Amino acid sequence: MDLALTADQIAILDALDSLAKSYASPTLHDTSLALVSETLDRELAENGFLDVAFDPDLGVVTAALVVERLARLPFAVEAAASALVRPLFGPERARPVCLVEAGRASRPIRFLAAGATVIVVGQDRVTSFVAQADQVRSEETLFAYPMGRLLVDPATVAGTAHDVSPDDVKTRWRIAIAAEAAGLLAAALGSVTAYVTDRQQFGRPLATFQALRHRLAEAQVRTNGLYWLAMKAAATLDPGDAALAALHAQESVRTCVYDFHQFLGAMGMTLEHPLHLWTYRLKALASDLDGRGGQALAAAEAAWG
Amino acid sequence: MHFEWTDEEVAFRQRLRAFLAATLPDDWERFSQHGPASPALTEYARDFCGTLAREGMLTPHWPKEIGGDGLDPWHQTILAEEMWVAGEPRGGQYMNVNWIGPTLIRYGSPAQREQYLPPIVEGRALWCQGFSEPGAGSDLASLRTRAVLDGDNYRVTGQKIWTSYAGLADTCFLVCRTSDDRKRGISILLVPMDTPGITVRQIPSLIGEGDIHEVFFDDMVVPVGARLGEEGEAWSIIAYSLTNERLGIPRYALARAALDRAVELLRGQGDWVGEAIRIEAAQCLALCEAARMASYAIVSARARGEAVGAESSSARFATIMAERRVAEFVVEYLPDALADAHPYLKMHHQRGIVAGIAAGAAEIQLNIIASDVLKLPREPR
């Protein structure tokens, strides 16, 4: 076992950081709850960052690293499904890629828009279709992703049936949740630590109060553990590992997000601070695949039957 | 990133398991409840460690010239996992191989190495750790046990408390004050426990029989040659020792094994039904495996020869979270375990309470993470 990044992974992440640098600190005035950039999305796609898992020499771990790193940006980028799930279906699938559970297709869906590939994961089969303009509408939500809603029941859409196991898709989906949540948590934690270091109350930085320090340290422990669970699951592609990683991700949303806003005080209620751009994405990930209960039952099944 | 064990590492683990299966007595699980510091287990551990040493599996990660095989930190981890999951048949000797020996190798004089390392390598030494005092627990730098230079000797007077293994130990790794400077006034003495002036009293504990003690030093005289390192150098030596100790015990592995055992028992008695119990068990499992991977990240860095600092506190706290959650799971779903019905789970429960207290309290780990990982400004003193 060697958990150091390979030379290829270092090179890819360095190139990604270089590309993403100009997107790290956007102006926040007059932005909506979600921050998106078509230019960033195009640059990522054109430079192949979302296709690394198609290269067997790079593989799924490298894709998970890319997803984790991109999630740290304040911009919402459709990377997780494209980089980690799309390889099961082939590179020709149009982006963005939207993952939908059959039976829950009426919920708001991340990145859903005309032209998106909608992958519908049912009990026994997986289908997909390219969303048409009259099948979707964009939706304002509190989640910091662009969201859309399907206007049709996917069961009635003439799509493509895939020779892909629903369980395999769910495993990749769980890895995607975990990798993206790891980056979101890391970025949110970083923004909060910066704020409480600068913000003075009672004559000293908020960060010097143990009531905050310990809870932030516990968030670091969770974030670190999640990162490694996500990467391990990406390496093994084991359903149990993936369920554990997604469980730890969704549980960490519950334990960390309100603390992060709490520590910003009233600033944590505003759109002037970017914290919500990470935490309100985390909230959107919390309900995927039946949420914590769903991941826990899947993990228990994999571990003990 | 590569997450696979090598064939050689798999074989090493299998060899350890085969050794344990062939060596441990049939009633080991019940026997191990005596606790690692009990007279019964201490005596057993001397035999066990001697056999382990002859098989070349007591100190395989030590340098070859000092009785090891020069194997990397992954082997140390595999060894520690298998022993801890088995109920730690090495008793208190795990400390020797985890941190006392490595500290002596790094800081000991030639005479100290010659005196103390062979008994460790041969599995016949038992040390105790003279750190905490009534007024100096987490705040170790407040310790008051004083060593006063008197010619070629130190005269030592003071008290240690909550000292594991002191009742049966041969030697004490004694931290004491040689000047008033808060941190640079602390030194380490290696003290034979039969030195006149030492009195040991056992403290009844929740951990198990014979585990913690008070140790009194009443004008004890030890030669200057018993000092480890330079006078006043203790703080950096302790930092090195604790980094080893904090990762030395893979408690996540025992927590996972206890969890697996609990599920097996619940299934056997028809109670592994419904979603609530499965969800709670999976939450425990996620914490165990998160702690394992956080620990492996540290081991991996060490195996590459990188310095490891505050990150080990993050892995340690992750392990505390796992340890506690599994213990709570057992209390809720298998209360019989705290009686004599399930010796393995009782053993886990007894030892689990130590996780957040020994080798630097959980709150100290959080302070370290806050200051040295998150780089938050420190609290005013």
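1. Two strands pair if DSSP finds at least two bridges between them. Keep that rule in mind for chain A. One caution first: this is a predicted model.

2. Take strand β4 (residues 126-130) of chain A. β4(A) and strand β7 (residues 160-162) of chain A pair in the antiparallel sense. Three bridges hold that pairing. For one of the partners, look at S128(A): its bridge partner in β7(A) is T160(A).

3. β4(A) also pairs with strand β3 (residues 117-121) of chain A. These two strands run antiparallel, and five bridges join them. V120(A) stands opposite T127(A) of β4(A). How many residues lie between β3(A) and β4(A) in their hairpin? There are four.

4. Now turn to chain B. It is divided into three parts: domain 1 (7-125), domain 2 (129-233) and domain 3 (250-373). The centres of domain 2 of chain B and domain 3 of chain B, taken over C-alpha atoms, are 31 Å apart. Contact between these domains involves four residues of domain 2 of chain B and six residues of domain 3 of chain B. On the domain 2 side, two residues are nonpolar, two are polar and none is charged.

5. Two helices of chain B deserve a look. They are α10 (residues 311-333) and α11 (residues 343-352). Their axes come within 10 Å and cross at roughly 135 degrees. The crossing is left-handed.

6. Which residues make this helix contact? From α10(B) come E323(B), R324(B), A327(B) and V330(B). They meet L345(B), H348(B), H349(B) and G352(B) of α11(B). By class, the residues of this contact are three nonpolar, three polar and two charged.

7. Finally, check where the chains touch. Here 39 residues of chain B are in contact with 41 residues of chain A. On the chain B side, the elements giving two or more residues are α9 (275-303), α10 and α12 (362-373). Which of them gives the most? It is α9(B), with 16 residues. The chain B side divides into 26 nonpolar, five polar and eight charged residues.

Conventions: Residues are numbered from 1 along each chain as its sequence is written. Chains are lettered from A and ligands numbered from 1 in the order in which they are written. This is a predicted model: local features need pLDDT of at least 70, side-chain atom pairs count only at pLDDT 80 or more; totals for chains, interfaces and linings use all residues. Axes are lines fitted to C-alpha atoms, for helices over the stretch in contact, and angles run from 0 to 180 degrees between N-to-C directions. A crossing is left-handed if the near helix is turned anticlockwise from the far one by less than a right angle, and right-handed if clockwise. Two residues are in contact if their C-beta atoms, placed from the backbone, lie within 7 Å. Ala, Val, Leu, Ile, Met, Phe, Trp, Tyr, Cys and Pro count as nonpolar, Asp, Glu, Lys and Arg as charged, and the others, Gly among them, as polar. Domain bounds come from an automatic or database domain assignment.
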